[in-house]
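Student: I have a protein model open and would like to learn how to read its features. Where do we begin?

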Amino acid sequence: MAAASTGPTPAALLAPLFLGVGLILAPVTAAVGAVGGAATRADPEEAAAAEKSFNRALDERDNAQPLVASFIDEAERLAGRTLADCGAAALPAECELADGGSPSALLRLSSLEHFEVEGRVQPKLRLLKTLDAEIRTPDRDGAVVWRSWRYRGVQRSYFELAADDARLLRGELAAAREALVAKAVQDIFLIGPVERHETELQPEGTVWTVVPAGISVEMVILTPRDARPQDPAPPP
């Protein structure tokens, strides 16, 4: 069962990633303000227009397809699983289904966006978006599964991202959401092979598992629609 959450991703997952490489890692709101201010050294009017477009794109980023709705659709498409939106429920017992019962497991999602910011005049930005998922069951205290994925975007200039009503930024935000959701659905419901990375630096436009760090973990199998019991898949 899917449920929305606004809880923050632990800063430890992000803060150490780019120390020592001359970049600033900033939350979305801080990046917009800091970059907008720094960019005024180039052209105040252009910077003001860019910041307006940037803010509008961020405010509207989930209008078309919110994260939980995307996850529910992808779970149906990729894994044939029908999920219900449990809103802000924190435990399975807090979610009431259409038949009056509670789910056997609750999947809670949360997401956080950061930018890498490089330079002060005509700065370059790269979107980093994480998706956290935790699974809770009625018979266990705490999460039985906790996993986190990170999308690493394409580096572009602040003004390039903000141009044309922030068309490129909007596209990047949508691409990040879609890639993260697809990866999460595959890992949770289909339990694919262990990730193997050929490089230490995550390529642009890709999603990597950051917790656990590219290793397999025991995953619970949520009850399928036909209600037949299943055993967890053996480790690779």
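**Reading the model**

Tutor: Begin with the link between C86 and C95: they form a disulfide, with their sulfur atoms 2.1 Å apart. The term stands for a pair of cysteine sulfur atoms within 2.5 Å. The model is a predicted one, in which local features need pLDDT of at least 70 and side-chain atom pairs count only at pLDDT 80 or more, while totals for chains, interfaces and linings use all residues. Residues are numbered from 1 along each chain as its sequence is written, and side-chain values use heavy atoms, with hydrogens and water left out.

Student: How many disulfides does the structure hold?

Tutor: The structure holds one. The link of C86 and C95 is left-handed, with -70 degrees about the S-S bond.

Student: Are C86 and C95 buried or exposed?

Tutor: A residue is buried under 20% relative accessible area, exposed over 50%, and partly exposed in between (1.4 Å probe, protein chains only). C86 is buried, at 10% relative accessible area. C95 is buried too, with a relative accessibility of 5%.

Student: What share of the residues in the protein is buried?

Tutor: Of the 236 residues, 43% are buried. The protein exposes about 12300 Å², and 52% of this comes from carbon and sulfur atoms. Accessible areas are found by the Shrake-Rupley method with a 1.4 Å probe, and for residues only the protein chains shown count as cover.

Student: How many helices and strands are there?

Tutor: Helices (H or I, at least four residues) and strands (E, at least two) are DSSP runs, numbered from the N terminus. This protein has four helices and seven strands. Along the sequence they follow the pattern β-β-α-α-α-β-β-β-β-α-β.

Student: What is the idea behind a salt bridge?

Tutor: Side chains of opposite charge can pair when their charged atoms come close. The rule asks for a side-chain nitrogen of Lys or Arg within 4 Å of a carboxyl oxygen of Asp or Glu. By this rule the count is 15 salt bridges.

Student: Which residue forms a salt bridge with D165, and what does the pair tie together?

Tutor: R56 forms a salt bridge with D165, and their closest N and O atoms are 2.8 Å apart. D165 lies in helix 4 (residues 158-190) and R56 in helix 2 (residues 44-59), so the pair ties together parts that are 109 residues apart in sequence. D165 is partly exposed at 35% relative accessibility, and R56 is partly exposed at 30%. D165 also meets R170 in a salt bridge (3.4 Å, N to O). R56, E60, D165 and R170 are linked in a network of salt bridges.

Student: And where do E113 and R61 lie?

Tutor: E113 and R61 form a salt bridge, with the closest N and O atoms 3.0 Å apart. E113 lies in strand 3 (residues 106-118) and R61 in the loop between helix 2 and helix 3, so the pair ties together parts that are 52 residues apart in sequence. E113 is buried at 8% relative accessible area, whereas R61 is partly exposed at 32%.
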